[in-house]
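Good morning, and thank you for coming.

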Amino acid sequence: MKLSPLLEKAKNVLILGHQNADPDAVSSMYALSRIHRHLNPGGESTLACDDMSKISAQVLQHFDCCVEITDAPQGEFDLIVLLDTNSRLQLGDAIAPYVTDPSRTVIIDHHEPNPETKEISEFIILDSEKSSTCEMMVDIFHDLDIPIDSQTANLLLTGMIFDTRRFFYANRATLEAAVVLIDNGANYDECVKSLISRIERSERIARLKAAGRLKIHNIGKWVVVTSKIGAYEASSCRALIDVGADVAIVGGRPSRDVVRLSSRSTREFSRETGINLGKDVMEPLGETIGGTGGGHMNAAGANGNRNRGKALKQAVELIRQSIAIRRKEDSS
Ligand SMILES: [Mn+2]
């Protein structure tokens, strides 16, 4: 598929990113608007998404990039380009209705294709091997022989750093694309800095309190911890895992008759014990606290209105029993 004739012809392009657009989405949207400007200097592009993440706003501000991104695009568009997503669902309710004509819709994305992808667009550039959409944009600039300005280079490198978790998920092509961006004026230090954000004071206090009130339960080789706080129970669980727990269960009581439980475990714990925090722990605890519970293997929660202390004790017992049963099965 040739992207350049489509962009050369298009007078008004609508450039879309997914809901709660992250730095990979926002930076690739900006980069595409630069490509359009280069190919069709008289044309207009409108950038839109259903809300932008806090960190994306911070990145744009860090680089003094005053690009306008709307959640209610106005007017007629000859071409629509979806970046960093390939489904209507991920665009959100406010933006999805703009995607109507596959013959005028382009998708540039690095996620696994969705059954819907082929229905919404006839022009798909999709590479799920790529670690970010920003990395794909570097290739597009190269293929079209368009120079990358330093502002765009900074934003694209930041998007790559964000999606690769600072190059934890990267291969040779990723690193080469990063070098291209640095050669075109991106400043690696500034890109990393633009993504650093300190969590709010109230949340940090909650995490520290959770650590201060900690109970440690040694179950075989596993360290299971429980604690109680007012709010921020999920954040506290993450913090406790970072400090060294294999499993963290925190009970929050944001108001008198509300009890919220949150839990996290390491991958190593779930892989070796087979314990699913959603099914094996939070589902039964939902009943104990007079509500419901559930979730995933390594992250789960429950909401109710009573028995916070009892539920935390029960959580530890449920984990102890599951481990004991498994041990018996292994030795028989
Ligand atoms: Mn992405």
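Is E176 buried, partly exposed or exposed? E176 is partly exposed, because its relative accessibility is 41%; buried means under 20% relative accessible area, exposed over 50%, and partly exposed in between, with a 1.4 Å probe and protein chains only.

Before going further, a word on the source. This is a predicted model, in which local features need pLDDT of at least 70 and side-chain atom pairs count only at pLDDT 80 or more, while totals for chains, interfaces and linings use all residues. Residues are numbered from 1 along each chain as its sequence is written, and side-chain values use heavy atoms, with hydrogens and water left out.

Let us return to E176, which forms a salt bridge with R172; their closest N and O atoms are 2.8 Å apart. A salt bridge here is a side-chain nitrogen of Lys or Arg within 4 Å of a carboxyl oxygen of Asp or Glu. Both residues belong to helix α7 (residues 172–183) and sit 4 residues apart, about one turn of the helix. Helices (H or I, at least four residues) and strands (E, at least two) are DSSP runs, numbered from the N terminus. R172 is exposed, with a relative accessible area of 65%.

The search of the whole structure finds 11 salt bridges. Another one joins E317 to R320, at 3.3 Å between the closest N and O atoms. These two lie in helix α13, 3 residues apart.

E233 lies in helix α10 (residues 233–243) and R260 in strand β10, so the pair ties together parts that are 27 residues apart in sequence. E233 is buried, at 8% relative accessibility, whereas R260 is partly exposed, at 27%.

R260 leads us to a sheet. In strand β12, N303 stands opposite R260, and 6 bridges join β10 (residues 258–265) to β12 (residues 299–304), which run antiparallel. Two strands pair if DSSP finds at least two bridges between them. The open sheet has 6 strands in the order β7-β8-β9-β10-β12-β11, with mixed pairing. Its edge strands are β7 (215–219) and β11 (292–295). Helix α13 (residues 308–331) lies across β7, β8, β9 and β10, at about 170° to β8. Such angles run from 0 to 180 degrees between N-to-C directions, with axes fitted to C-alpha atoms, for helices over the stretch in contact.

There is also an open sheet of 6 strands with parallel pairing, in the order β3-β2-β1-β4-β5-β6. Its edge strands are β3 (69–70) and β6 (123–126). Helix α2 (residues 23–39) packs on this sheet, and its direction makes about 175° with that of β2.

D84 is buried yet has no salt bridge, and the nearest side chain of opposite charge, K130, is 13 Å away. For charge, Lys and Arg count as positive and Asp and Glu as negative; His and the chain ends are not counted. Which side chain makes a polar contact with that of D84 at 2.9 Å? The side chain of H18 does, and the side chain of T133 makes another at 2.8 Å. A polar contact is a pair of N or O atoms within 3.5 Å; within protein, one must be able to donate a hydrogen and the other to accept it, and residues adjacent in sequence count only if both atoms are side-chain atoms.

Definitions and conventions
Contact = heavy atoms within 4.5 Å.
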